Amino acid sequence: MNIQNSQSIRWGILGAGRNSGKFASDFPLVPGCELYGIASRQLSKAQQFAQEYRISHSYGSYKELISHPEIDIIYIGTVNHTHYELTRESLLAGKSVLCEKPFTLHAEQTRELIELARSKKLFLLCGIWSRFFPVIRQIAQGLQNGIYGTPLLAQMDFCFKGNNNPQGRLLNPALGGGALADVGIYPLSIAQFLLGEIIDFSASAILSPEKIDLRVIINARHKSGAISALSAAIDTFSSREASISTDNVRILIPCPFWKASSAIIHHYGESVGSSPEKERIETIDQPYPGKGFHFEIAHVNQCLRDGLIESPLLTHNEMLKIDLLLDQIRLKTGIVTP
Ligand SMILES: NC(=O)c1ccc[n+]([C@@H]2O[C@H](COP(=O)([O-])OP(=O)(O)OC[C@H]3O[C@@H](n4cnc5c(N)ncnc54)[C@H](OP(=O)(O)O)[C@@H]3O)[C@@H](O)[C@H]2O)c1
């Protein structure tokens, strides 16, 4: 699909949940597009959501929105276990898709959806929104072009205490819950983005009686020669920072690193020893309005206008690599998925 610059891109949202609300609230920050429709399994819920976020059309079933001819792209903001089926139905109906993370719960499904999008020449992206924040892009660029030296070591953690409703999306295995799928995907995908492909890892997890991972730790080895320690939890807290060390700088992305608005870069130059004297501190500050979804929305709009079927910032191949890695971690640690 190639959308003209003069044409407004019409978005539809599936699922009137918490995250869809945050996504919708950032729409006014992005020019050239509109929120055309919201679908919920309950019409009254869709209507209430439409009123709150000024959306012109509400639907009481996902199918109605998916088949609507006026909609160019669908944002899937539903719980994890529905992502595969709803993405598939949307692509079959000729719609481009931005689906929330985790994309699917099995890499084979991810592979199938990528093939489907390619055969139908439709845009498809997993919404790992961290990729689109300017601070993260700037750090990635600095590491890629060598201005920050050679990446050697990273630590990233995303642990928080979620609600303990056993039927809720975090703890219920039927909904695709667990720390890895919910928040572990951030350190994993950001580490892979900044340090390069993960080629080997060890992992351990503490599982709930239903075999949902409450806590998970991954020690990864990257193709670049760097190593990283990545952790995630849904039953305790951590610093929720990211630290990346090279041979001459340490980059600290403070909490919340996955939607960074700043970073501190400690330049050590040629200093050696445990108390380096020549430290120079550089800060990156990129405050943003709203929740931060506008970076992702604007990027997707640009991809559609350029006639792309995948994002150059998160390619299909990388989406697949992330999901293959998640599969392997589940296998190693005994995490069960529906
Ligand atoms: N990018 C981010 O920053 C971010 C942050 C949080 C979450 N997420 C992702 O966003 C997605 C939704 O998370 P959330 O926190 O918004 O979840 P949520 O509020 O608990 O649920 C989202 C919606 O899923 C729909 N749904 C469809 N089938 C369902 C079922 N069988 N049981 C329960 N709900 C069902 C419901 O929509 P209707 O009732 O309207 O049909 C519900 O409102 C997840 O995939 C999560 O990983 C992303």
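Which residue follows H4, and what is its phi? Gly 94 comes after H4 and has a positive phi, near 85°. What you see is a predicted model, in which local features need pLDDT of at least 70, side-chain atom pairs count only at pLDDT 80 or more, and totals for chains, interfaces and linings use all residues. Residues are numbered from 1 along each chain as its sequence is written.

View 1. Where they meet, 8 residues of domain 1 are in contact with 12 residues of domain 2 (two residues are in contact if their C-beta atoms, placed from the backbone, lie within 7 Å). The side of domain 1 that touches domain 2 has 4 nonpolar, 3 polar and 1 charged residues. In this scheme, Ala, Val, Leu, Ile, Met, Phe, Trp, Tyr, Cys and Pro count as nonpolar, Asp, Glu, Lys and Arg as charged, and the others, Gly among them, as polar.

**View 2. The shell around the ligand.** Where does the ligand lie? Domain 1 and domain 2 both give residues to its shell, so the ligand lies between them. The shell has 22 residues, of which Ala 16, Gly 17, Asn 19, Ser 40 and Thr 78 come nearest (a residue is near a molecule or strand if its C-beta atom, placed from the backbone, lies within 6 Å of it). By class, the shell divides into 4 nonpolar, 11 polar and 7 charged residues. Its largest share, 3 residues, comes from H1.

**View 3. One face of helix H1.** Helix H1 covers residues 18–25, and its buried residues are Ser 20, Phe 23 and Ala 24. Helices (H or I, at least four residues) and strands (E, at least two) are DSSP runs, numbered from the N terminus. A residue is buried if 20 or more other C-beta atoms lie within 10 Å of its own, exposed if 12 or fewer, and partly exposed in between, with C-beta atoms placed from the backbone. Seen down the axis of H1, the buried residues fall within an arc of 95°, so they line one face of the helix; the arc is that of the directions from the helix axis to the C-beta atoms. An α-helix has 3.6 residues a turn, so residues three or four places apart point the same way. The packing partners of the buried H1 residues are strand E1 (9–14), strand E2 (33–39), helix H2 (43–53), strand E4 (73–76) and helix H8 (293–305).

**View 4. Helix H4 and its partners.** In helix H4 (residues 83–92), the buried residues are His 83, Tyr 84, Leu 86, Thr 87, Ser 90 and Leu 91. They pack against E1, helix H3 (62–66), E4, E5, H5 and strand E6 (124–127).

View 5. Most residues other than glycine have a negative phi, and most peptide bonds are trans. Now look at Lys 101 and Pro 102, joined by a cis peptide bond with omega about -10°. Pro 102 sits in the loop between strand E5 (96–100) and helix H5 (107–119). Another cis bond runs from Cys 255 to Pro 256, with omega near 0°, and Pro 256 is in the loop between strand E12 (249–253) and strand E13 (262–267). Arg 54, in the loop between H2 and strand E3 (57–59), has a positive phi near 55°. Is Arg 54 buried or exposed? With 11 C-beta neighbours inside 10 Å, Arg 54 counts as exposed.

**View 6. The largest nonpolar core.** A nonpolar core is a set of buried Ala, Val, Leu, Ile, Met, Phe, Trp, Tyr and Cys residues joined through C-beta atoms within 7 Å. The largest has 105 residues, and Ile 73, Leu 124, Leu 180, Ile 190, Ala 191 and Leu 194 have the most contacts inside it. Helix H7 (residues 179–195) gives the largest share of this core, 12 residues. At least three residues of the core come from each of domain 1 and domain 2. Leaving aside neighbours within four places in sequence, Ile 73 is in contact with residues including Ile 9, Trp 11, Val 97 and Leu 304.

Conventions: Domains from an automatic or database assignment.
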